[in-house]
Amino acid sequence: AVTAPFYEVEHSEVIIVIGANPTENHPVAATFFKNAAKKGSKLIVMDPRGQALKKYATHMLQFKSGTDVALLNSIMNVIIEENLFDQEYIKHHTLGFEKLKEHLKMFSPDKMFNNTGIDASEIRKVAKLFASTKKGIIFWGMGISQHIHGTDNARCLISLALMTGNVGQ
């Protein structure tokens, strides 16, 4: 699943890859990601196992297995706390944002460090990077959906895309 067709990475400023290993499972898509990174797109790879794309990544978040939701919620926490969300997009295209804001208060990057193993400063950098672009794409695979927390993972990624207005961009 993606927030825009994968080949749009060539027009994206920021690319998130999570729950997928394109180099092994989607080699054509991986070539697009590598080329985009070589041309200056910021590539954020989130994967507990690490992967070959990490050598092209601006940020490699090798989080503790099973903590996807905590990681994604901590990224969204930063976007909320630092008022980096797209108010106009949210106003016109979403429902329930105030409830989400309230929920995310307990997921500060500092509190989530022990869960995810990712330093709070790195989470803040990634959150600011993704929130600051209007040309962002999220690419995720079965590592997100075919998981005990698959529905929650997908909801987090959808919420991240919606709160930043990075849908179809």
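Modeller: Angles between helix axes run from 0 to 180 degrees between N-to-C directions, and those over 145 degrees count as roughly antiparallel. In this predicted model, α3 and α6 pack at an angle of about 165°, with their axes 10 Å apart, and the two helices are therefore roughly antiparallel to each other. The crossing in which α3 passes α6 is left-handed. On the α3 side the contact is made by A70, L71, S74, N77 and V78, which meet P109, M112, N115 and T116 of α6. By class, this contact of α3 with α6 has five nonpolar and four polar residues, and no charged ones.

α3 also packs against α9, and here the axes come within 9 Å and cross at roughly 20°. Because angles under 35 degrees count as roughly parallel, α3 and α9 are roughly parallel to each other. Their crossing, too, is left-handed. From α3, the residues in contact are D68, V69, L72, N73, I75, M76, I79 and I80, while α9 brings D152, N153, C156, L157, S159, L160, M163 and T164. The residues of this contact of α3 with α9 divide into 10 nonpolar, four polar and two charged.

α6, for its part, also meets α7: the axes of helix α6 (residues 109-116) and helix α7 (residues 120-131) come within 8 Å and cross at roughly 115°, which makes α6 roughly perpendicular to α7. In this case the crossing is right-handed. P109, D110 and T116 of α6 are in contact with A120, I123 and R124 of α7, and the residues involved divide into three nonpolar, one polar and two charged. P109 and T116 of α6 also take part in the contact with α3.

The largest pocket, finally, has a volume of about 370 Å³. It is lined by 17 residues, of which M76, G96, L100, R155 and S159 are the closest to its centre. The elements that give two or more residues to this lining are α3 (68-81), α5 (97-104) and α9 (150-164), and α9 gives the most, with six residues. By class, the lining residues divide into nine nonpolar, five polar and three charged. The pocket can be tied back to the helix packing through M76 and S159, which are among the residues closest to the pocket centre and also belong to the contact between α3 and α9.

Terms used. Residues are numbered from 1 along each chain as its sequence is written. This is a predicted model: local features need pLDDT of at least 70, side-chain atom pairs count only at pLDDT 80 or more; totals for chains, interfaces and linings use all residues. Side-chain values use heavy atoms; hydrogens and water are left out. On a 1 Å grid over the protein atoms alone, a cavity is a set of points where a 1.4 Å probe fits but cannot get out, and a pocket is an open set with protein on both sides within 12 Å along at least five of seven lines; lining residues have an atom within 4 Å of a point. Grid points are joined across faces, edges and corners, and a volume is the space filled by probe spheres set on the points. Helices (H or I, at least four residues) and strands (E, at least two) are DSSP runs, numbered from the N terminus. Ala, Val, Leu, Ile, Met, Phe, Trp, Tyr, Cys and Pro count as nonpolar, Asp, Glu, Lys and Arg as charged, and the others, Gly among them, as polar. Angles under 35 degrees count as roughly parallel, over 145 as roughly antiparallel, 65 to 115 as roughly perpendicular and the rest as oblique. A crossing is left-handed if the near helix is turned anticlockwise from the far one by less than a right angle, and right-handed if clockwise. Contact means heavy atoms within 4.5 Å.
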